[in-house]
Amino acid sequence: MLARLVAVTSGAGNTFDALQQSIVDGLEPYGIDTTGIVIKDGSGLSVDNAVAPAYLTRLFVKVHRREGSLGVIADGLPVAGRTGSLSYSDRFAGANSAADGAVFAKTGWIDTGYTLSGIIHAADGTPLTFAVYALGDVSDNAKQAIDTITTGFFRCGDNLSNN
């Protein structure tokens, strides 16, 4: 629905074909290279959609800094072990509960992939942005693997930073 509203508001129309250019144009003011982004539907369900993890990590740097009006995204992200899709009993459980309250991220799932991207407030206080994709013939254990990698990022903190 939001993708269609972006397309209509931009004047591109209300068809699937209108989504690509209107969304890329809408992202352009944030100054991040959008080369390679492919939007076939607004829901993320098409296997033909493509948004590189590197794009998301750069975007989440800006979200974390609350640039422009991006702070609203930070405020609405699920929090590991506490809210939204990261509060379910199969997310950040067991040893991964070490990152509860420190991972602010958007989940994604289609039959051919699980994703998680967002912001981590690492154990040492370092803010990190991340994007992890498990693509292909995935099963539910991909979620736990992504949570484990993300918890590893939480524990490593500044050792992973580009600072």
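Q: What share of the contacts in the protein chain with a separation of 6 or more comes from residues 24 or more positions apart?
A: This is a predicted model, so keep that in mind throughout. Residues 24 or more positions apart supply 43% of those contacts.

Q: And how many helices and strands does the protein chain have?
A: Count the elements, then read their order. Here there are 5 helices and 3 strands, running α-α-α-α-β-β-β-α from the N terminus. The radius of gyration is 16 Å, close to the 15 Å from the globule rule for 163 residues, so the chain is as compact as a globular protein of that length. The C-alpha atoms fill a box of roughly 50 × 35 × 25 Å along the principal axes.

Q: Is S22 buried or exposed?
A: Check relative accessible area against the cut-off: under 20% means buried. S22 has 4%, so S22 is buried. S22 sits in helix α2 (residues 16-27), and its side chain reaches the backbone oxygen of A18 at 2.8 Å. Leaving aside neighbours within four places in sequence, S22 touches V6, A7, S10 and A12. Across the protein chain, 39% of the 163 residues count as buried.

Q: What about L2: buried or exposed?
A: Over 50% counts as exposed, and L2 is at 67%, so L2 is exposed. L2 lies in helix α1 (residues 2-10).

Methods:
Residues are numbered from 1 along each chain as its sequence is written. This is a predicted model: local features need pLDDT of at least 70, side-chain atom pairs count only at pLDDT 80 or more; totals for chains, interfaces and linings use all residues. Side-chain values use heavy atoms; hydrogens and water are left out. Helices (H or I, at least four residues) and strands (E, at least two) are DSSP runs, numbered from the N terminus. Buried means under 20% relative accessible area, exposed over 50%, partly exposed in between (1.4 Å probe, protein chains only). A polar contact is a pair of N or O atoms within 3.5 Å; within protein, one must be able to donate a hydrogen and the other to accept it, and residues adjacent in sequence count only if both atoms are side-chain atoms. Contact means heavy atoms within 4.5 Å. The radius of gyration is taken over C-alpha atoms; the globule rule is 2.2 Å times the number of residues to the power 0.38.
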